[in-house]
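Subject: Structure for your review

Hello,

Here is the structure I said I would pass on. Please look through it first; my notes follow below.

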Amino acid sequence: MKTAAARQRGVEHDIVQAPQVGEAPPYYQPQGNEVAIFEAAYKRRLPVMLKGPTGCGKTRFLEYMAFQLKRPLVTVSCHEDLTSSDLVGRFLLEGSETVWQDGPLTRAVKAGAICYLDEIVEARTDSTVVIHSLTDHRRKLAIEKKGVEIDAHEDFMLVISYNPGYQTVLKDLKPSTKQRFIAINFDFPSEEVERKVLVNEVPGTKPEIAQQLVAIGRKARLLKDHGLEESTSTRALVYAASMIAAGLDPVSACQVAMVNPITDDLELADALMEIVNAHFA
Amino acid sequence: MKHTPAIDQSLAELQVLSAAAHREIESVLPQIAPHGEADTLHWLAACRALLGFEREAGLAFIRGSREAEQVSEEVLPWTGQALAFMQWRASWRALEGFMANVAGAYGALGHAGEKRWAELGFAWCVRQIESGAAYFTTPVIDLAGRQGGITAIEQLLAPAEELYESRKLMLGTCLGGAIRVRNLLGAQAILPWASRGADILQTGRTRGEAYFRLESEESLSMLLEHLPGYRLTDRNRLLGMLLDVWFGGEFDLRESTWSPEKGRPFIETDGRTIYFPAVMADREEAILALLHTAGHMRARTFDRAGMEEMFLEAGLDFPKAGAVSWAPLFLRYGEDALRFQLIFDICEDLRVDAAVQCSVPNYLRRLARAARALGVRHAETAPYFDLALESIEIAAAGRADPRFASLLEPGASVADAWRAAVKLYSGSDLPAVTDLEAFHLAYLPGRSPNAMRMAHPQETDDQSQQQQPGTDQQSQQGEEGGEETEAPKNAESGEQGEDGEKQEVPSYGDSSGQAARASGKSEQEGPNHGSSDKGIPYPEWDYRESRYKRNWSWVQEKRLAESNMTETNRLMSQYALALKRLKKAIQAQKPTRAAPLTQQLDGDDMDLNAVVAYVAEKRAGRSPRPTIYKRREIRQREVAVTLLADMSTSIMQHLPEGGGRLVDRIRAGVLLFAESMEEVGDAYSIAGFCSKYRDNVSYYNLKNFNEAMSDDIRAQIGGMSGRLATRMGAAIRHATASFEGVESRRRLLLLLSDGRPEDYDDGGDRRYLHEDTRMAVKEAVAKGVHPFCVTVDTMANQYLPQIFGPGHYLVLDHINSLPNKLPEIYLRLRR
């Protein structure tokens, strides 16, 4: 969010845009050695896979790294109807002419950007295959429709994210795809890191509130195996802290940010609220 | 004393009639005489009449007169009422009761009330004299209850009168129970309770009478169902979740045999299991109690070393093994035992609560707040309550207090609590306690008498690994399958000192573990089957040698012999609504399933995107494939699924929350699954498995992929039952193999289980079959089959992630949701 602060809001800007001078870096609190790993991978231009639960900071990490490496970041959120032409590009009619328009992946390959395919498993298999040639030593993108090939810009890098959850059992990535990546495992940050995240993300959060929220999150994650599909994320904690900062009382803030969104199960909600109430008693 | 001649004459006649009665009359007469000659003569006449009617009745009348006159200060009305009894035969018991209670009726209800009380009774005497007797012999105070007044009595009788009219239910049968029901639940609860009883009475006299005496299970459960307060039985899952959150799982939770008659409900523990009553006063108390009781187990109240030290301190021998009674500790204090017990519990509970505070934020404050909010305190034990509250406040505020300082140290043990209690006791002026109710009310909300049950001393960590509770009791129960492995429904003890043995009953929590470890038979000793029907061999992974054992487990494919259409029909009607809902949901999803196929060579509609792309590419001078149509058609079957149900003995266990067995839910789940699959249209097969030794793995094929659903299959589902053990690996391998010849691209093996993989011949080495199952899963994945495990074992998150991998299993901690959830899970997975 801070990244965008320096940019003009409410206007179009190109998806391939390198961080500008003077822009504030996105906030990211390293959890372990992921920064070093990513830098090393970038040095060798190896593709990276980010694994981890929803809302633990994968996207933010990438924004941060792109900023640090001063590379533009092109993000594509994958969905089940995403085809390879959505990534690579297609012919468009313009007047009486046809115009080829590059897809986001092609543009990133040309511009030397970091291309981030979020939740790649959701995409159709034909789209996961186009990235194969980009992820090995060839570093090439074949544009079949135009009958051409592009050697990737030397700064180009491919990053995918992948959330091994139970909804995706049948949609697992093919092993041949998986093994082309350097994989970084993400999990929810440690208590200390998570507290720092809260205080930094939501200015004005009191340390004791941050501490309590983090403690609640920790306990709430223990309920994962009791029917929660996604456990309480760091993002949810940030939301709760934001609601508190906006003047809502802590219990309600936790309820609306951390309990109501993740479950419809009354008993589970009851147990979660029990945790919240205990901390804010 | 001087009497008028008429009275004297009357007396003389009475003396002739009965000398004993005459003496009684003489002694009562001075009280009656002041009401005037007419009244006195009337009374004497009544005496004579009643003596003549029945000697006992007359004597009862004379004896009761003294008090009746004293309270009512009149004679004629109750004399007249007493005479009324003469219209019924064998009414002396009713009259006796009447005379015993008439004074009370005047006192409690006033003159008008007494008149109504008598009328109500007479009405019942007309219907049945025994009912009248039951009514009149019941003290008025009891009839009127807490609320008091004649209206309360009318309310009490109204349901009985209604049921007499409609069902010929007698008041004598239900009065005692009705009073208790009224006292516990209020007058409105009597009618439903009694009409249910009337039904039961029709099916059998003894059963019905037991119901009305509140002695039968059914009436007790009916009572518990309607008891006001916070219902813990329905919150089993919540309790489990809270324990998991605050203390990290692994608690055995069970309902206790508490009934309203036993006084204040408490959550208790014996060091192994947490017992909760059906109902507690409110949610706050229940949750505090749960946390406190779990605290006892975590703060090592039952630690063997600590208890031993405490017994030593008290100069007692500590039993080497088995359950330990607390009683000797307190018996040393003789009459003062209850008093000392309270003091000890204050100390020990404080120690525990301070420890709980470390895990549960703000626990002490919450406890103190709940205690302060509690209005009722028993006068006799209020000082104890206040002392306990004070100790909590001291601990919460972190103040130093020499009395409790040693208990708040982090490493304090139960022996420290004992020492603190002895010290506190010696210098205390707390009042003596005799009344049990007062004793119960001395406890803060959430706390409970610690000595209620025999204690099971817990070993310290390194010892406990060798000795697992319940292992030894696991005989070879249920080897021969079928229904005989009824888990004890209420495997739980009574009050302390009464039954050490009952407590040793193996828990059904353990029985899911299958008698495997205790079978004592090694693989070599296993039965040798004829080789002809040995079935299909599969390899098994031995992690100890890191290699496969060839042809190790033998799977026999069978058809399920049992079928039960009645059960199927019952389930179908029970879940009719759920099924309807599921089918609706599936239909609602269908349009997206049978999505228009885009980019087709031919079809009934243009695919606009494809057309644009086609035209554009054409213009660009290329020759694109003319795939510009779309077609509406049910897409080729993409997914094939096998539902593989664990059919080991453990599924026969009764559900802890009641309402049948696990197998009922499994049958329902499988049935709903099958019916939904018919709606979805994916290829599916259903199978169950169980095992006994490596060479005897039974794989029951309920439905093949290419078989159509039929009533025969439905009936087989209804006939599913549990038997033997769980050799999961072999079953997974066989299920994987049976996917051969199925065209579908995506293959899902949905495993329905309730426990870990185990078999009789695993030699107690759980890891062996775990590792084998893990390998079987890996093999399945390599063959393009995705195993996914749905389990109802709440402990499953300890081993399933290793076997199936994170995200490839789902723990359903709400067993009742299984039937509905199973199809939903599948639909989710195939999305």
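A helix axis here is a line fitted to the C-alpha atoms over the stretch in contact, and angles run from 0 to 180 degrees between N-to-C directions. Please also keep in mind that this is a predicted model.

Helix pair in chain B

With that convention, helix α28 (residues 662-680) of chain B and helix α29 (residues 711-718) of chain B pack with their axes 9 Å apart and at an angle of about 155°. Angles over 145 degrees count as roughly antiparallel, and α28(B) and α29(B) are therefore roughly antiparallel to each other. The α28(B) side of this contact consists of B:Arg667, B:Val670, B:Leu671 and B:Ala674, which meet B:Arg714, B:Ile717 and B:Gly718 of α29(B). Sorted by class, the contact between α28(B) and α29(B) has four nonpolar residues, two charged and one polar.

The sheet in chain B

Eight strands of chain B form an open sheet with mixed pairing, in the order β6-β7-β13-β12-β11-β14-β15-β16. Its edges are β6 (536-542) and β16 of chain B, each of which pairs on one side only. On average, and ignoring direction, neighbouring strands of this sheet are turned by 25° against each other.

B:Val641 stands opposite B:Tyr684 in β12(B). How many of the residues of strand β12 (residues 683-691) of chain B are buried? The count is nine of its nine residues. In a regular strand the side chains alternate between the two faces of the sheet. For β12(B), one side holds B:Ala683, B:Ser685, B:Ala687, B:Phe689 and B:Ser691, the other holds B:Tyr684, B:Ile686, B:Gly688 and B:Cys690, and both faces are covered.

One residue elsewhere in chain B

B:Lys423 lies in helix α21 (residues 414-426) of chain B. The C-alpha atoms of B:Lys423 and B:Ile343 are separated by 9.9 Å, although the two residues are 80 apart along the chain.

Chain A

Chain A has 13 helices and nine strands. Of its 281 residues, 42% are buried. Among contacts in chain A between residues at least 6 apart in sequence, 70% join residues at least 24 apart.

Five strands of chain A form an open sheet with parallel pairing, in the order β2-β5-β8-β1-β9. The edge strands are β2 (73-77) and β9 (182-185) of chain A, and each pairs on one side only. Neighbouring strands of this sheet are turned by 20° against each other on average, direction ignored. Helix α2 (residues 34-43) of chain A packs on the sheet, where α2(A) touches β1, β8 (157-162) and β9 of chain A; the direction of α2(A) makes about 165° with that of β9(A). Strand β1 (residues 48-51) of chain A pairs with β9(A) in the parallel sense over four bridges. In this pair A:Val48 stands opposite A:Ile182 of β9(A).

Contact between the chains

The contact takes 27 residues from chain A and 34 residues from chain B. On the chain B side, the elements that give two or more residues are α14 (236-247), α19 (363-373), α27 (608-619), β14 (746-753), β15 (785-791), β16 (809-811) and α33 (818-830). The chain B residues that touch chain A divide into 18 nonpolar, 11 charged and five polar.

Confidence

The model scores pTM 0.65 and ipTM 0.79. Chain B has a mean pLDDT of 80, with 88% of its residues at 70 or more. The pLDDT is below 50 over residues 462-532 of chain B, a stretch that has 116 contacts in the model beyond near neighbours in sequence.

Regards

Conventions
Residues numbered from 1 in each chain as written. Chains lettered and ligands numbered in written order. Contact = placed C-beta atoms within 7 Å. Nonpolar A, V, L, I, M, F, W, Y, C, P; charged D, E, K, R; others polar. Parallel < 35°, antiparallel > 145°, perpendicular 65-115°, else oblique. Buried ≥ 20, exposed ≤ 12 C-beta atoms within 10 Å, placed from the backbone. Pairing = 2+ DSSP bridges. pLDDT = per-residue confidence, 0-100.
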